[in-house]
Amino acid sequence: MFWLYNLLITFTSPLWVPVTVLRSRKRHLRPNWKERQGDIEVKLPAEGTRIWLHAASVGETLAAVPVVKELRKQQPNCVIFFSVTTSSGHQTATDHLVKTGLVNQLSYFPIDVLRFTLAALTRVRPDVVGIMETEIWHNFLWSAKTLGSRC
């Protein structure tokens, strides 16, 4: 299934890449394409358990706020890297998680292409990965497990 998924991504990319780029141009806030390709400049403390928490958009980000607060309460020294898929989710995370100091860093989630997910996870090096949605990111989860993260 893993290889079939990646073959489908590769062969359908001439269709979904232009659509994704065109859709992003219509948005007020545009995504950071470097981050979406896994080129994330990591600005995290060296000490503490690293947790990568992902939320797709506004709803998942708002649902993550109490989760992050509880994480901070139970694990005050943990390092939380938070990612989102959409520009509206990015703005919501900035307002509710970054400005309040609940997360250490915010980034766009890498496109679920194996090269991008491996690059992002290699840079962040999370000990734990949590996803606040029902979408399954095959390459991201495979990469996380391969690099030793608990999912």
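Biologist: Which elements do the buried residues of helix 4 pack against?

Modeller: In this predicted model, local features need pLDDT of at least 70 and side-chain atom pairs pLDDT 80 or more, while totals for chains, interfaces and linings use all residues. Residues are numbered from 1 along each chain as its sequence is written, and side-chain values use heavy atoms, without hydrogens and water. The buried residues (under 20% relative accessible area, 1.4 Å probe, protein chains only) of helix 4 (residues 87-98) include Thr92, Ala93 and Leu97. With contact meaning heavy atoms within 4.5 Å, and helices (H or I, at least four residues) and strands (E, at least two) being DSSP runs numbered from the N terminus, the buried residues of helix 4 pack against helix 3 (58-74), strand 2 (79-84) and strand 3 (105-108).

Biologist: Which residues have the most contacts inside the largest nonpolar core?

Modeller: A nonpolar core is a set of buried Ala, Val, Leu, Ile, Met, Phe, Trp, Tyr and Cys residues joined through side-chain atoms within 4.5 Å. Leu97 touches Val68, Phe82 and Val103, among others, not counting residues up to four places away in sequence. The largest such core has 16 residues, and those with the most contacts inside it are Val68, Phe82, Val84, Ala93, Leu97 and Val103.

Biologist: Which elements each supply at least two residues of this core?

Modeller: The core in question is the largest nonpolar one, with 16 residues. Those that each supply at least two of its residues are strand 1 (50-55), helix 3, strand 2, helix 4 and strand 3.

Biologist: Which residues of helix 6 does helix 1 meet?

Modeller: On the side of helix 1, the residues in contact are Phe2, Tyr5, Asn6 and Ile9. Their partners in helix 6 are His138, Asn139 and Trp142.

Notes. Buried < 20%, exposed > 50% of the residue type's maximum accessible area, 1.4 Å probe, protein only.
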